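Hi,

Here is the model I said I'd pass on. Have a look at it first, and then read my notes below.

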Amino acid sequence: MFIFSITGKAKTSIDGFEKGATAPFIVYIDFQDLVGAEYLARYYVTKEGFYEITVDKRRQLDRDKLAGFAKKNKQVKEALKTGYAIQLFDKD
């Protein structure tokens, strides 16, 4: 599983972000290949109505530690179940 710190600009006013405002995301992708996982992360953020997607950080979680992370983090649990999870942070 890969975790990406991503920023994107809002195409329209979305969840408290004005049109054109930059929004921070954490995207969890349960995929084995970094290039494919990053493509999917960009795709899912774009699908939510954002553009000019920038991947700020990348991190891979070890398979043997995922069960422990899933108990503590609902996004990791969701990504293991559905393949991905997106967390949009407040602008403050």
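Strand β1 (residues 2–10) and strand β2 (residues 22–29) pair in the antiparallel sense, over eight bridges. Helices and strands here are DSSP runs numbered from the N terminus (H or I of at least four residues for helices, E of at least two for strands), and two strands count as paired if DSSP finds at least two bridges between them. Within this pair, G8 stands opposite A23 in β2, and T7 is across from P24 in β2.

Before going further, some housekeeping: this is a predicted model, so local features need pLDDT of at least 70 and side-chain atom pairs count only at pLDDT 80 or more, while totals for chains, interfaces and linings use all residues. Residues are numbered from 1 along each chain as its sequence is written, and side-chain values use heavy atoms, with hydrogens and water left out.

On its other pairing, β2 meets β4 in the antiparallel sense over five bridges, with F25 opposite L88 in β4. Put together, four strands make an open antiparallel sheet in the order β3-β1-β2-β4. The edges are β3 (50–60) and β4 (84–88), each pairing on one side only. From one strand to the next the twist averages 25°; axes are lines fitted to C-alpha atoms (for helices over the stretch in contact), and angles run from 0 to 180 degrees between N-to-C directions.

Now the helices. The protein has three helices and four strands, and along the sequence they follow the pattern β-β-α-β-α-α-β. With a radius of gyration of 13 Å against the 12 Å that the globule rule gives for 92 residues, the protein is as compact as a globular protein of that length (radius taken over C-alpha atoms; the rule is 2.2 Å times the number of residues to the power 0.38). Helix α1 (residues 34–47) lies across β1, β2, β3 and β4, at about 140° to β3. Helix α3 (residues 74–82) lies across β2 and β4 and runs at about 145° to β4. Contact, here and below, means heavy atoms within 4.5 Å.

What about the inside? Of the 92 residues, 35% count as buried (under 20% relative accessible area; over 50% is exposed, in between is partly exposed; 1.4 Å probe, protein chains only). Six of the eight residues of β2 are buried, so β2 is largely enclosed by the rest of the structure.

The largest nonpolar core has 17 residues, and F4, I6, F25, V27, I29, V45 and F50 touch the most other members. A core is a set of buried Ala, Val, Leu, Ile, Met, Phe, Trp, Tyr and Cys residues joined through side-chain atoms within 4.5 Å. To this core β1, β2, α1 and β3 each supply at least two residues. A second, separate core of ten residues includes I26, A70, V76 and A85. Leaving aside neighbours within four places in sequence, V27 is in contact with residues including F4, I6, A41, V45 and A85.

Q75 is buried, with a relative accessible area of 15%. Apart from neighbours within four places in sequence, Q75 is in contact with Y28, A85 and Q87.

Cheers
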